[in-house]
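Hello,

Here is the model I promised to pass on. My notes on it follow below.

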Amino acid sequence: MDQFYAAVEERERPEFKEKPVVVGADPKDGRGRGVVSTCNYNARKYGVKSGMPITRAWKLCPDAIFLRPNYKLYIETSNRIMIILRQYPDKFEQWGLDEAFLDVTSKVRSFEEAEKLAITIKREIHNKEKLTCSIGVGPNKLVAKIASDFKKPDGITVVRQNEAKEFLAPLSVRKLLWVGKKTERRLNEMGIKTIGDLANFDTRILKEKFGMMGSYYILAAQGIDNCEVVEKTTVKSVSRERTFEEDTSDIDMILETLNRLCREIHEELIEMKILFKTVTIKIRYENFETHTHGKTLSFFTGNLQNLQKTSKELLEPYLVRQKNVRLIGVRTSNFASSSKQKILL
DNA sequence: TCTGGGGTCCTAGGACCC
DNA sequence: TCTGGGGTCCTAGGACCC
């Protein structure tokens, strides 16, 4: 979907359309914490981008409309879009709230037919939801995903297998899936800037330096990706975290927040009928130093007091330091279904 | 620039079992 | 004395995704 959160907000409030819209944290006149989730194209003209600190966005474009994300609305919209998409492929994989992979291999006979199908899908989404999206058609997930990003907004890009290598070669390595900021920097230091550079690089050295991912990058640079389109069905962890409005040393307040995060997790686990065995806390100090500390119990539980007591015990050793706290978080994992498992409290 | 929140997966070390 | 090999599970940190 194109600038999904911002586009949904514009749909609900058409008068926003002509203005820069930034969805994310509250900028609080330049003292706010957090980042930009999504912004519309009018805001991008000022240099605002997703992931940017909200204070920076506020400096770049103080007159923009700054909105807090309305996740309920985005999730509902996303769910309806995913229902539309599911009609078309053999295999379907949702990717976040606003992206999806559709394996249509057996539904079409050629890339021309695939492109027509892409047009049909775009039209249906636009008719039903008044939103635009950009679609990539490719021989595998990797190429399709990069192609989907090639022409935005409201674009379609088709890349056949025999065109894939040429299509990728001039693009930055950063465009590859699983090449983030750190890997990009490491590759750049090795003189690898584009996917073409990567395709021509010594495979032995890449494997040596990047392990399993190295092997993936080598194939990816050739336009090869054997990953299946597979729906992720089971949840592996449920977590909550909170950045305080100001760094704090108020232990009562920190522990109160911890209890609240535990309650929120507990409610979600009950709804999902899930028991957990592992609790992990997270703490970030004012200098951004971050630690996690976890414990696996000897039994599965869904009990709120267990969660609160365990997370408090895990967090306490980190609260004696002479440093203000920026963030705390709680995560539960190692799940069993409560309908199958014996419940121990 | 001053860095959210919800996730997944990988790595490396260590404990422990037979 | 100086010590194998297969396996599982746990822990902490980090990179990456949207």
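Two strands count as paired if DSSP finds at least two bridges between them; helices (H or I, at least four residues) and strands (E, at least two) are DSSP runs numbered from the N terminus. This is a predicted model, in which local features need pLDDT of at least 70 and side-chain atom pairs count only at pLDDT 80 or more, while totals for chains, interfaces and linings use all residues. Residues are numbered from 1 along each chain as its sequence is written, and chains are lettered from A and ligands numbered from 1 in the order in which they are written.

First, the sheet. Val22 stands opposite Phe66 in E3. Strand E1 (residues 21–24) pairs with E3 in the parallel sense, over three bridges. The open sheet has three strands in the order E2-E1-E3, with mixed pairing. Its edge strands, each pairing on one side only, are E2 (36–39) and E3 (65–67).

Next, DNA strand C. Around it are 20 residues, of which Gly96, Gly180, Lys182, Thr183 and Thr296 come nearest; "near" means a C-beta atom, placed from the backbone, within 6 Å. Helix H8 (181–189) and strand E10 (290–301) are the elements giving two or more residues to this surface, and E10 gives the most, with six.

Finally, a helix pair. H11 (residues 251–272) packs with H12 (residues 304–315) at about 140°, their axes 9 Å apart. Axes are lines fitted to C-alpha atoms, for helices over the stretch in contact, and angles run from 0 to 180 degrees between N-to-C directions.

Best wishes
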